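Student: Hi! Could you walk me through this model before I start working with it?
Tutor: Happy to. Let's have it in view.

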Amino acid sequence: MAVVATSGMTLFSYLLSWISKEKFLETVLLNQLIFPFKKEQKKHHIAGVGVHYAVGYFFSSIYC
C-alpha cells in the first residue's frame, strides 16, 4: 500500500507541475538536495526516487 500511496502522490505532483509550470516533483527536489552541485546531470537519479519511496514507506507505516 505504501508504494501505491507514494506513486499516487507522485503522479499528482507531476500533474500539478505540468498544469502550473512549477517544480513540484519530489524526486527532482530530493536529487537537488543529495547532489547540490550536479543539478542537471542527476535530475532523475535513482537516489532521489529511493529516498522518496523510503519516506513514503515510513509515513505509511506510521499512519497504519
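**Confidence, helices and two residues**

Tutor: This is a predicted model, and among the elements of the chain, helix 1 (residues 2-20) has the highest mean pLDDT, 90, while helix 2 (residues 26-34) has the lowest, 83.

Student: What does the chain average in pLDDT?

Tutor: The average is 84, and 91% of the residues score at least 70.

Student: OK, on to packing. At what angle do the axes of helix 1 and helix 3 cross?

Tutor: At roughly 120 degrees, with the axes coming within 9 Å. Oblique covers angles between 115 and 145 degrees, so helix 1 is oblique to helix 3. Their crossing is right-handed.

Student: Which residues make the contact?

Tutor: Helix 1 brings A2, V3, T6, S7, M9 and T10, and helix 3 brings H52, Y53, G56, Y57 and S60.

Student: Let me pick H52. Is H52 buried or exposed?

Tutor: H52 counts as buried because its relative accessibility is 5%, and buried means under 20%. This residue sits in helix 3 (residues 46-63).

Student: Which side chain does H52 join in a polar contact?

Tutor: That of T10, at 2.6 Å. Leaving aside neighbours within four places in sequence, H52 touches T6, M9, T10, E26, T27 and L30.

Student: Switching to L29, where is L29 found?

Tutor: In helix 2. L29 is partly exposed, with a relative accessible area of 34%.

Student: And how far apart in space are L29 and G48?

Tutor: Their C-alpha atoms are 7.9 Å apart, although the two are 19 residues apart in sequence.

Conventions
Residues are numbered from 1 along each chain as its sequence is written. This is a predicted model: local features need pLDDT of at least 70, side-chain atom pairs count only at pLDDT 80 or more; totals for chains, interfaces and linings use all residues. Side-chain values use heavy atoms; hydrogens and water are left out. pLDDT is the predictor's confidence in each residue, from 0 to 100. Helices (H or I, at least four residues) and strands (E, at least two) are DSSP runs, numbered from the N terminus. Buried means under 20% relative accessible area, exposed over 50%, partly exposed in between (1.4 Å probe, protein chains only). A polar contact is a pair of N or O atoms within 3.5 Å; within protein, one must be able to donate a hydrogen and the other to accept it, and residues adjacent in sequence count only if both atoms are side-chain atoms. Contact means heavy atoms within 4.5 Å. Axes are lines fitted to C-alpha atoms, for helices over the stretch in contact, and angles run from 0 to 180 degrees between N-to-C directions. Angles under 35 degrees count as roughly parallel, over 145 as roughly antiparallel, 65 to 115 as roughly perpendicular and the rest as oblique. A crossing is left-handed if the near helix is turned anticlockwise from the far one by less than a right angle, and right-handed if clockwise.
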